[in-house]
Amino acid sequence: MITNSIHRWQASLLAIFVTGALLAGCSQETAETSSAEPVPEGPKADLVLRGGKVATVDPELGETEAIAISGAEILAVGSNEEISAYVGEATEVVELGGRFVMPGFIEGHGHFMSLGRAKQILDLNTVENWEEVVNMVAVAVDQAEPGEWIFGRGWHQDKWDSLPEDAVEGVPVNETLNMVSPDNPVLLGHASGHAAFANDAALAAAGVGNDTPDPAGGTIVRDANGKATGLLRETAQRLLNDAVDEYESRQTPEEIDQVMRQRVFLAGQEAVAHGVTSFHDAGASFETIDFFKQLE
C-alpha cells in the first residue's frame, strides 16, 4: 500500500487523470468485492478503479491493476485482489476494462491567474483571420456600455488563413477596429504575451499618440505615414497599464473579489480538463499568493 496526499486547495484537482474520457465512457458499479470472503476491516475508498493499467511512475511499484481513492487522497495502488480490501458499501467502483490511468500532468511554467482571465475575456485562440477578430469585438461592443473596455487574448497572425492588404509588418492596422468600436477602448493580447493590439480609443485613454516615443525595450508600430497602427510590442504594452488600472479601479472590493474567485475557478477547470493537476506558477505576486491561501 502507498499513501500520497495531494493538493487540496481546489477540491477538483485530483492527482489522477483517466485518459479517453474514462469516467464518461466506462461502466460504474455499486460496491462489491472480488471475493466471497468478508471484507477486511480498515479504511474504505470513495472510488476504486480496477481492471486496468495504472502507471504509478514509481520504479518500485511499476504498473498495477487498480487504485483506491478517498476524497483527495490516494489510499493505495495494487492488484485487483489487494484493492478489493478498500471496497465498502458506499464505494463507487469503476471497471477499467484494460484502460490506462496515470498521474496528472504537472504544468512546469504557467501563469494561473492569467489562464483564468483568458477565459473571462474574448478568446481569440481559434480565430482564422482579422475579420473574425473584428466581428467578435463588434458583438462585445453591442453588449457593452460606452466607455467600457473590451479585452481579448490569444490571436496569432501566423495562424490566420489571410491578412488584410494594408497590413504593416505582417499585422493588420486598427482602422476596422476603430469603426466597430469608436467609444470603447479595445486591447487584444497576442498569444505569445509579447505584443498587444489596441484601437484608437485605447491609445487615447493612455495618452499614446503618433508622436509618442518608443519606450526602452518596446515598439509602437507605425505605418508609412507615421500613424500608430495599434500594435504594441514588448514593453510598449505597458504604456496602457495606467489607463487599464484606472478603469479596473472603478470596481468595488466585492466585485474584484468575485472576479478573482471566478478567475481561479476557470483556471482550475481549464487545467483539469486537460489533465493538469499541479501547476508551477511562473510569477505570482505576494498578494495573489495570499489570495490563494485565503481560498484554501
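Predicted model: local features only at pLDDT ≥ 70, side-chain atom pairs only at ≥ 80, totals over all residues.
1. Who else joins in around Lys119 and Asp123? Glu270 does, and the three residues are linked in a network of salt bridges. As a bit of background, side chains of opposite charge can pair when their charged atoms come close.

2. How many salt bridges turn up if you search the whole structure? The search finds 9, so I'll pick out just a couple more, given that a side-chain nitrogen within 4 Å of a carboxyl oxygen is what counts.

3. Have a look at Lys227 and Asp200, whose side chains meet in a salt bridge at 3.6 Å, N to O. Lys227 sits in the loop between strand 16 (218–222) and strand 17 (228–234), while Asp200 belongs to helix 6 (residues 200–205), so this pair ties together parts that are 27 residues apart in sequence. Lys227 comes out as partly exposed, at 24% relative accessibility. Asp200 is partly exposed as well, with 30%.

4. Then there's Arg250 with Glu246, another side-chain salt bridge, this one at 3.0 Å from N to O. Is Arg250 buried or exposed? Arg250 is exposed, with a relative accessible area of 54%, because anything over 50% falls in that class. Glu246 has 43% and counts as partly exposed.

5. Now for some empty space. Rolling a probe the size of a water molecule over the atoms shows where such space is left. The second largest pocket in this model has a volume of about 450 Å³. Its lining is made up of 18 residues, and those nearest the centre are His111, Ser114, Leu115, Ala118 and Arg153.

6. Which elements give two or more residues to the lining of that second largest pocket? They are strand 11 (105–110), helix 3 (112–118), strand 13 (150–155), helix 8 (253–273) and strand 18 (276–281). If you want to trace the pocket on screen, those are the elements to colour.

7. The residues around the second largest pocket split into 6 nonpolar, 7 polar and 5 charged.

Methods. Residues numbered from 1 in each chain as written. Heavy atoms only, no water. Helix = DSSP H or I, 4+ residues; strand = E, 2+ residues; numbered from the N terminus. Buried < 20%, exposed > 50% of the residue type's maximum accessible area, 1.4 Å probe, protein only. 1 Å grid on protein atoms, 1.4 Å probe; cavity = no way out; pocket = protein on both sides within 12 Å on 5 of 7 lines; lining within 4 Å. Points joined across faces, edges and corners; volume = space filled by probe spheres on them. Nonpolar A, V, L, I, M, F, W, Y, C, P; charged D, E, K, R; others polar.
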